[in-house]
Amino acid sequence: MHTVLSSANRTVTIGHDQPFCVIGERINPTGRKLFQEQLRRGDLSRVEIDVAEQVAGGAMVLDVNMGTPLADEAALMVSAVKLVQSLTDLPLCLDSSIIEVLDAGLAAYRGKALVNSVTAEDERLAAILPLVKRHGAAVIGLPNDEREIPDDPRRRVELAGKIIDVATGRYGIPIEDIVIDPLAMPIGADTTVGIKTLETIALLREKFGVNMTFGASNVSFGMPDRHTLGAAFLPMAIAAGLTSAIMDARSPQIVRSVKAADVLLDHDPWGSAWIAAHRAQQAQAQQAGT
Amino acid sequence: MTPQELLKQLYDDTLVGNGPAVLELTHTGLAMNLGPEALLYEALIPALEEVGARFERGDFFVPEMLIAGKAMAGALEVLRPLLAETGAESIGTVVMGTVKGDVHDIGKNLVNIMFEGAGFQVIDLGVQVAPEKFVDAVREHSPDIIGFSAFLTTTMPMFKANINALAKAGLRDQVIVMVGGAPVTQEYADVVGADGYAADASAAVVRAKELLQRRRRAALPA
């Protein structure tokens, strides 16, 4: 199953037979005080740096979140979409919990975007899926409902099934355009949650064969040496069936771990991309040395 | 073991979150006639304060904070009825909940554990808590502090709705309102009229104690 995202002149395909899709998480002001202040003044210069760093790090899609309290998030989203699309031809993942922000962002976007995200709550499904359909976008589905974020992998799969049923049945969104988030929770708060995520991924793959993505940085929240944990967990999740992640594309350690998984799981035939990356790095080191 | 040695050991075991040892030392301490207040104020609370300080410095991590908080909570279950008998002033009562429309609870649960670890009594209303439920809980429990948690920019506005509901019920001045959650900032807390905000569970406890002390001092007759 292929989820195809695009910008004006580039497409990216997410699939179980494709190289893992690295979605850069960095264009997000949550927890970044300075960035928030800049955004409230309408200053988007930080976005340019975040784009450049993530493109250099190997991002294939960029997540754009403008969630700044006490600011006009819809206007910021429109400005950010236009700015980022002028800087890079990577497809974008438009990230907000506010419907109007998603609508405005999708209207400004050129290409086929990924919407982050819809939950299995009836109200959210009814508000967001029509937008996804109207703009011909793809959407990330989070398997939580009005009551809870389920712990049990089988319940997560049920709620994912509900999202898929409503999106395909009621709104005519193709299943290829639904990317399910199996939910990666912080292991620092409970070390049993990693296994539950892996189980959910395997069940989702078996039952629906859909593409999947999760917020990889969540996993290591509150723990030391977060990059090593991320670099270990991602290949496990990829082996179970994860096909993309919203992750720190600036961390060579984490990005290399998924590139290595690509080789080891035969998503990088003959290791060509792996070898090419190695040569590029050698050439860079040589250049730096001379 | 001398009483001093016991208090030291209880402090050390709480710091590293050794729950069974903390429980056993608490019982041993009581059997040695160390009062519940001595155990609480000379070992358990200082240990949790040290945990918080280490967490703030980046020397301790979330799991260590959690197990220390849980070890402390185990001891408090034994001590709380005894403290009530001695008529000791309670450190404080906190009503906590994730706001309506929001089902995220990991952050809130961490904060609860740290509050319990600091000796507060915590009444957790869970997730998806409507304003009227918070109002009812303030009426029923007369807490010193009420905490609202929100994880989404779309649910943060419920802070204001909750505060308005408290005001309408005539309860706003009876309780300290604290807010928190991933997208929440100090500026946002100020704008909605909350009394306090903190960026993490450990800082929340420190802030709560400050706010409570200020209020209690203000309430003293001149």
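Predicted model: local features only at pLDDT ≥ 70, side-chain atom pairs only at ≥ 80, totals over all residues.
Let me begin with helix 1 of chain A, residues 33-40, in which F35(A), Q36(A) and L39(A) are buried, where buried stands for 20 or more other C-beta atoms within 10 Å of a residue's own, exposed for 12 or fewer, and partly exposed for anything in between, with the C-beta atoms placed from the backbone. Seen down the axis of helix 1 of chain A, these buried residues fall within an arc of 100°, so they line one face of the helix; the arc is that of the directions from the helix axis to the C-beta atoms. An α-helix has 3.6 residues a turn, so residues three or four places apart point the same way. On the other side of helix 1 of chain A, K33(A) and L34(A) are exposed.

Residues are numbered from 1 along each chain as its sequence is written, and chains are lettered from A, with ligands numbered from 1, in the order in which they are written.

What do the buried residues of helix 1 of chain A pack against? They pack against helix 2 (45-57) and helix 3 (73-87) of chain A, and helix 1 is followed by G42(A), whose phi is positive, near 80°.

Turning to chain A as a whole, there are ten helices and ten strands, helices being DSSP runs of H or I of at least four residues and strands runs of E of at least two, numbered from the N terminus. The radius of gyration of chain A is 18 Å, close to the 19 Å that the globule rule gives for 290 residues, so chain A is as compact as a globular protein of that length; the radius is taken over C-alpha atoms, and the rule is 2.2 Å times the number of residues to the power 0.38. Of these 290 residues, 49% count as buried. Among contacts in chain A with a separation of 6 or more, 70% join residues 24 or more positions apart, a contact being two C-beta atoms, placed from the backbone, within 7 Å.

H135(A) has its place in helix 5 of chain A, residues 122-135, and is partly exposed, with 17 other C-beta atoms within 10 Å. The C-alpha atoms of H135(A) and D225(A), 90 residues apart along the chain, are separated by 40 Å.

Now to where the two chains meet. 19 residues of chain B are in contact with 20 residues of chain A. On the chain B side, helix 4, helix 5 (106-117) and helix 8 (186-192) each supply at least two residues, and the residues of that side divide into 13 nonpolar, five polar and one charged. Here Ala, Val, Leu, Ile, Met, Phe, Trp, Tyr, Cys and Pro count as nonpolar, Asp, Glu, Lys and Arg as charged, and the others, Gly among them, as polar.

Finally, chain B is divided into domain 1 (3-86) and domain 2 (93-219), with bounds from an automatic or database domain assignment. Their centres, taken over C-alpha atoms, are separated by 25 Å, and 14 residues of domain 1 are in contact with eleven residues of domain 2. The largest share of the domain 1 side, eight residues, comes from helix 4 of chain B.
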